[in-house]
Amino acid sequence: FGASRELLDWGFAHYRPQSLVTSGTVLAESPVRDYLDVVVPAAVSRDATVSVLDLNGPITRRVTVSSVSAPVKIGQRVGVAAFTQQGRLIASIPLIATVDIAAPNPLLRVWIAVVRAWRAVFGE
């Protein structure tokens, strides 16, 4: 019983839940292809708490976002946050848009095309 108790005490001391990120935390920005220099804040869709062994080292986070086309709706998936420890994936959390972006009207689309052509020829 003594050895079992020591093992359990060791396990409870080193293997514990850790909060990785809380819902609503903005981790990145996703570019909107239909506009010039417009981005959508990408936030964590839900809380992430996992049980980890603290002796395995630090937890690293890698955020990947994709560019999106307008219209963008609140809650639309725009990326993912991946958490790893010693190269092993321990959590993958979707990132969602936090604001609505309407599609540009036809006149604005023409203006954006002109500015993009200007930037392509003359640089920015």
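Does D34 count as buried or exposed, and at what relative accessibility? D34 counts as buried, because its relative accessibility is 17% and the cut-off for buried is under 20%. Keep in mind that this is a predicted model, and let's start with the whole chain before coming back to that residue.

**The whole chain**

The C-alpha trace stretches over about 80 × 30 × 15 Å along its principal axes. Its radius of gyration is 22 Å, while a compact globule of 124 residues would come out near 14 Å.

Buried residues make up 27% of the 124 residues. The accessible surface is about 8100 Å², and carbon and sulfur atoms hold 60% of that. As for charges, there are 12 positive and 9 negative ones, and their mean positions sit 6 Å apart. Now look at contacts with a separation of 6 or more: 64% of them join residues 24 or more positions apart.

**Two pairs to compare on screen**

S4 counts as partly exposed because its relative accessibility is 42%. S4 and P31 are 27 residues apart in sequence, and their C-alpha atoms are 54 Å apart in space.

Then jump to A91 in strand β7, residues 88-97. A91 and V21 are 70 residues apart along the chain, yet 10 Å separates their C-alpha atoms. With a relative accessibility of 10%, A91 counts as buried. Beyond its neighbours within four places in sequence, A91 is in contact with L20, V50, A81, A82 and F83.

**Back to D34**

D34 sits in the loop between β2 (26-31) and β3 (39-44). A polar atom of the D34 side chain lies 2.4 Å from the backbone nitrogen of A70. Setting aside neighbours within four places in sequence, the residues in contact with D34 are S69, A70, P104, R109, I112 and R116. A70 has something else to show you: the peptide bond from A70 to P71 is cis, with omega near 5°. P71 belongs to the loop between β5 (59-65) and β6.

Which backbone oxygen lies 2.8 Å from a polar atom of the Q85 side chain? It is the one of G57. Q85 is part of strand β6, residues 77-85. Q85 is buried, because its relative accessible area is 4%. Apart from neighbours within four places in sequence, Q85 is in contact with V52, L53, N56, G57, P58, I59 and I90.

Step along to Q86 and you're in the loop between β6 and β7. Q86 is exposed, with a relative accessible area of 61%. Its phi is near 55°, a positive value in a residue other than glycine. D37, in the loop between β2 and β3, also has a positive phi, near 55°, without being glycine. D37 counts as exposed because its relative accessibility is 61%.

Here are the residues from this tour with their accessibility:

| Residue | Relative accessibility | Class |
|---|---|---|
| D34 | 17% | buried |
| S4 | 42% | partly exposed |
| Q85 | 4% | buried |
| A91 | 10% | buried |
| D37 | 61% | exposed |
| Q86 | 61% | exposed |

Conventions:
Residues numbered from 1 in each chain as written. Heavy atoms only, no water. Helix = DSSP H or I, 4+ residues; strand = E, 2+ residues; numbered from the N terminus. Buried < 20%, exposed > 50% of the residue type's maximum accessible area, 1.4 Å probe, protein only. Polar contact = N/O pair within 3.5 Å; in protein donor to acceptor, adjacent residues only side chain to side chain. Contact = heavy atoms within 4.5 Å. Rg over C-alpha atoms; globule rule 2.2 N^0.38 Å. Areas by Shrake-Rupley, 256 points an atom, 1.4 Å probe, with all protein chains shown as cover. Lys, Arg positive; Asp, Glu negative; His and termini not counted. Charge placed at Lys NZ, Arg CZ, Asp CG, Glu CD.
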